[in-house]
Amino acid sequence: MLTIVNMIPNAWSDEQNQDCEPNLSVNPANSNQIIGTSFTFDNPAGTSAVSPAMSGNWAPLFYSNDGGETWSLQFVLPSSSGDQLPTWDVTSRYGGNSGEVYSGLITPGSFTILVNRAPDAETQQVQFATVSGDQPFLEAASTSSGGSTQDRLFVGFNQNGTNSTVLVFPDALATTPTFTTNTLDVRWPADMPPTRTAIHQDGTIYCAFYSYDNSGGASPSSKRDVVVVKDLAWGTSATPFSALVDTGDGKVGQRVATGISNPWYNSNFEDPSFGNDRYGPELAIAVDPRNDQRLYVVYATGTTAADEQLQLRRSEDGGQTWSSSLRTVPVAKNPSVAINTLGIVGFAYQQVAGSNWVTMLEVSHDGFVSSFTSHILASTPTNNPTPTGVMATYLGDYIKLESVGRDFYGTFCASNSPVKANFPSGIVYQRNVNWATQTLLGADGVTPVPVSIDPFFFKLHVDTPHISTAIADQGSFGHACLGNFVDETLVVDNRGWGPLHIFKIVSTSPDFEVPSVLSYPLKVLAGVAIDLPIRFRPTTRGFRAGKIEIFSDDPSSPHVVEVSGECPSPRLSLIIADKGSFGDVCVGRLVDRPLLLENSGRCPLTVHGIAATGNFITAEVLSYPLTIAPGTALPLPIRFQPTSPGAHTGTITVSSDDPSGPRTIDVSGRAPTGRLSISGSTSFGGVSACCCADRTLAVCNTGECALHVTGAHFRRRSRHWKLVNNPFPAVLRPGACLPLVIQYRATEKCPRACELLIESDDPQMPVKRMDVLAYTTWDRACREHCEDCHKGCCDKHHGESDCRQGYPCCDEDDEDEDEHGAV
Amino acid sequence: MHSTAHQLIPLADSSVFIFVGSIGSGPTRGEAPAGRYPVSVHQVIKAPLGLVGNLKGTVTVQMSQPAPHGRYVFFADPISVGANITLKERAHVEVTMLEQVVAAVTDGYVARLEPRLKEAFLVALGVVGEVRHLTKPAERRGRVPWAHAPFEIERVLKGRKAKHIALVGPNPASKRLPRAPALRAGTRAIFILQRPPQEALELLGEDSRQSVGFAADTFDIQPPERLDLIERTLGHGEEE
């Protein structure tokens, strides 16, 4: 809510003076008490007929004890009867919690600054310090120590009209206050009039001033720098105001801007091209009460009224570095900046717009980074009243904006022409006025009074927003798999009384994503709720927790919402029958068994590779990875293809994104062999001489796999022994037999054993050795024909032979020899 | 209590307001204790310009000491002005002394006026014309911003009769010449003029220097209503 009040009291309705260059101070201990100053006489018609002149010895102070709704004049500022002005430059400040009222003014009788005080706004002030200089500008704050209160008073001024200087009163409440005089400019001893101070309650004091940038000092051709200095102990450091060293030249005082032109010297005092006012030494500074490193400065650039601009800039590091211009306001003067306890930045100024002076209050919830709200406080003529040149300035060289708590208070001067359209944000006049005829009326309520310049009070009440949020399941998003997301709605409700401005929404965890906002701040009106989508997109597995932080102008900002979610892991289980045993598989054969890759987790399983060792072979996968859905299984054939007989073992290794690592499973198999078994007798007993006898052996494979019988032969060649129709080499299938017939020719004189060798791939008995035994029975006939038999011509006696065992035969010699022919 | 006009002059000079008023319309009877009381104003003897009308009716007066109900001549200064005017009483005298009080006011004024008139080479009622600067803007910084203006004379009270003369003075008002009022176009008043300072004369042409006046003090510009009194003080319009 914005309130604008013309400060001229009703009983002062005859007033027609040029009450310009206002200032204001709110008692921080009681914001109903507000004081203001301007060039206000102790009589309402001082400029009407004769030269301005004081009637008495006390110039008035504007005072309100109802928060600015009504105003009175309190005649408490030292002046002198007959002075042509009530005071020259004047500012007043409440000391802080003490309620003491201080003023700094240039006494009209001489070029002297008086520093005065009184216990309240209604008591005539008493001088307690005096210096020579220009434009005293007071700032003050209270501190407590040892059970007592000290008023820290800072009087910025231009000492002897040349040097930016600050008087520091560590305890202005003392019976006899002491002070130090601190000259601020270490570069050149020539500065412009304004020396502005900003106080942070932790004792950090900033001062801004314009320094002429050469030894030539003040001259039309001079350039100027904007310099900020700092003290960290209420201006009482051992070397005061030297805490900020310029990053360029290494000297005390950071130069915020350099080489600015100096229209101050080139402009007319009341320049028709600048709303009939002068311009140039515009300067303001403010520090964030919540952050002593954050401060704003406003200054003016340009060479003429045509290109003059106010520049608003910010430092976030205690004045060391500065932003580019956050606001550039052309053809404007009287900047004032303040920051409230919510961090809201207020910026007031007066700008020439056509034939009007437009007094603006801009308020930004994001420090003028991206947005602000504008309030037109007044839009009044630049030439009504007609400038007289008496004051050197039309509206004055400053206005004032300050914050107390979250509210902004300020004052400005403007034409009091009673036209409602001049005050689009509303206006209250205490003085008599006929709005219908747009006429000011005197104290009698009848007599018209000429238009003049009046001080106006304004107050922007910042209603407090209050943020409240709601989210399902206490901020638990349930589970989301890696690469997937879950959205939840965060309801942001403003249950306060003022609009809520959200400057930033951040997540402390990358797993929780806040919505993208194209342009902050978000504005939520009182009683209104908005939905903010919050996304849980886990970046890693497991339980994830984070905080959503909402930065706003809620006094308790940031508002924190705790969120959590689960990103489950996939779980690979390997399943294979028979404990991984592939059973018996003959060499050269193969068997496939399915290996089940089961995902027993709640998120998809990604299989990157499968490897097998030994005689086990995995299925060929053309392209990894394989993805297995939660709760499903993928059968993967594993092949056992033994290359050698015997037992075989191997390991199947499956690599996946199961956080427990690769899974392995042992497999085994056996490659059996054929087994040579021979049945039948190799003992012939006695065979009648010259007869042959046969014995048949059954060469069998009693194994499980094929038996390769590579040969059957006698170890030594003998004419007495012979294999008849030797079938070998041959492959015997399991259970198969082949007969092997052994023939004995009974012609040897003496029995001699012979060894039959059967060779196979039976690993247990690659060579089967068998003795074949037979002897020749020399009976009568054989004896008779023995010689023949010996000679091998038994055939001629076959008919005569009596082969009781065997059958008649005849064959070659019976010389023994081995299979290779060796005897 | 002051018994003679002469004794009342310092009080009359220093008091911003002098008026005849009555205590007695308040809620209590008997003597008014020290404090703020409504006082009905019957006659204004001295008040700043523009405030005469405000004293009609009732004002609040912070009494310096208790006083019986009755009609008095009040000497007072302003304390505050809001919806009403509150004054701080310096003193009050019986209304029977009204004539002495009026005389003291006049005598005090004349006492201040006489030395100014004596020093003046020209006292005249007239109107200030268009004000023009004698220096460029850049030359005004750090020094008195001298300006000049024609002064159309309606009536000469002291000095050589003329229809017009030039005025020099600061414009705007200067901290370096704090008592000298700024030249303001359109001002119609009685000007008590002296020769300008050499600093100002040097900015004028040789021909102009002889007919230039300078109001050195705010008291040197008096409202037209003072014409008769000033004439009387000057001895019926002293002429050269």
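User: Which hand does the crossing of α2(B) and α5(B) have?
Analyst: The crossing of α2(B) and α5(B) is right-handed. Please keep in mind that this is a predicted model.

User: At what angle do the axes of those two helices of chain B cross?
Analyst: The axes of α2 (residues 98-119) and α5 (residues 227-234) of chain B cross at roughly 65° and come within 10 Å.

User: And which residues make the contact?
Analyst: Helix α2(B) contributes Val110(B), Leu113(B), Glu114(B) and Leu117(B), while α5(B) contributes Ile230(B), Thr233(B) and Leu234(B). By class, five residues of this contact are nonpolar, one is polar and one is charged.

User: What does the secondary structure of chain B come to?
Analyst: Chain B has five helices and twelve strands. Its C-alpha trace spans about 70 × 40 × 25 Å along the principal axes. Of the 240 residues in chain B, 42% are buried.

User: How many residues of chain B take part in the contact with chain A?
Analyst: Chain B supplies 41 residues and chain A supplies 49 residues. On the chain B side, β4 (70-81), α3 (137-140), β10 (188-193) and β12 (221-222) each give at least two residues. The largest share, five residues, comes from β4(B).

User: What classes do the residues on that side of chain B fall into?
Analyst: The side of chain B that touches chain A has 22 nonpolar, eleven polar and eight charged residues.

User: Which strand of chain A pairs with β4(B)?
Analyst: Strand β5 (residues 72-78) of chain A pairs with β4(B) in the antiparallel sense, over two bridges. Leu73(A) has Val81(B) as its bridge partner in β4(B).

User: Changing topic to chain A: in what order do the four strands of the open sheet lie?
Analyst: The order is β32-β34-β38-β36 in chain A, with antiparallel pairing.

User: Why is one side of β32 and of β36 left without a neighbour in the sheet?
Analyst: β32 (467-470) and β36 (512-513) of chain A stand at the edges and each has a single partner strand, so one side of each has no neighbour in the sheet.

User: How many bridges join β32(A) to β34?
Analyst: Four bridges join β32(A) to β34 (residues 486-494) of chain A, and the two strands run antiparallel. Ala470(A) stands opposite Val491(A) in β34(A).

User: What about β33 and β40 of chain A: parallel or antiparallel?
Analyst: Strands β33 (residues 476-479) and β40 (residues 559-567) of chain A run parallel and are joined by two bridges. The partner of His479(A) in β40(A) is Glu566(A).

User: How many residues lie between β48(A) and β49(A) in their hairpin?
Analyst: Six residues lie between β48(A) and β49(A), and Gly661(A) in the turn has a positive phi of about 100°. Nine bridges join β48(A) to β49 (residues 663-671) of chain A, running antiparallel. Ile652(A) stands opposite Ile665(A) in β49(A).

User: Over how many bridges does β48 pair with β44 in chain A?
Analyst: Strand β44 (residues 605-612) of chain A pairs with β48 (residues 646-656) in the antiparallel sense over five bridges. Here Val607(A) has Ser656(A) as its bridge partner in β48(A).

Key: Residues are numbered from 1 along each chain as its sequence is written. Chains are lettered from A and ligands numbered from 1 in the order in which they are written. This is a predicted model: local features need pLDDT of at least 70, side-chain atom pairs count only at pLDDT 80 or more; totals for chains, interfaces and linings use all residues. Axes are lines fitted to C-alpha atoms, for helices over the stretch in contact, and angles run from 0 to 180 degrees between N-to-C directions. A crossing is left-handed if the near helix is turned anticlockwise from the far one by less than a right angle, and right-handed if clockwise. Two residues are in contact if their C-beta atoms, placed from the backbone, lie within 7 Å. Ala, Val, Leu, Ile, Met, Phe, Trp, Tyr, Cys and Pro count as nonpolar, Asp, Glu, Lys and Arg as charged, and the others, Gly among them, as polar. Two strands pair if DSSP finds at least two bridges between them. A residue is buried if 20 or more other C-beta atoms lie within 10 Å of its own, exposed if 12 or fewer, and partly exposed in between; C-beta atoms are placed from the backbone.
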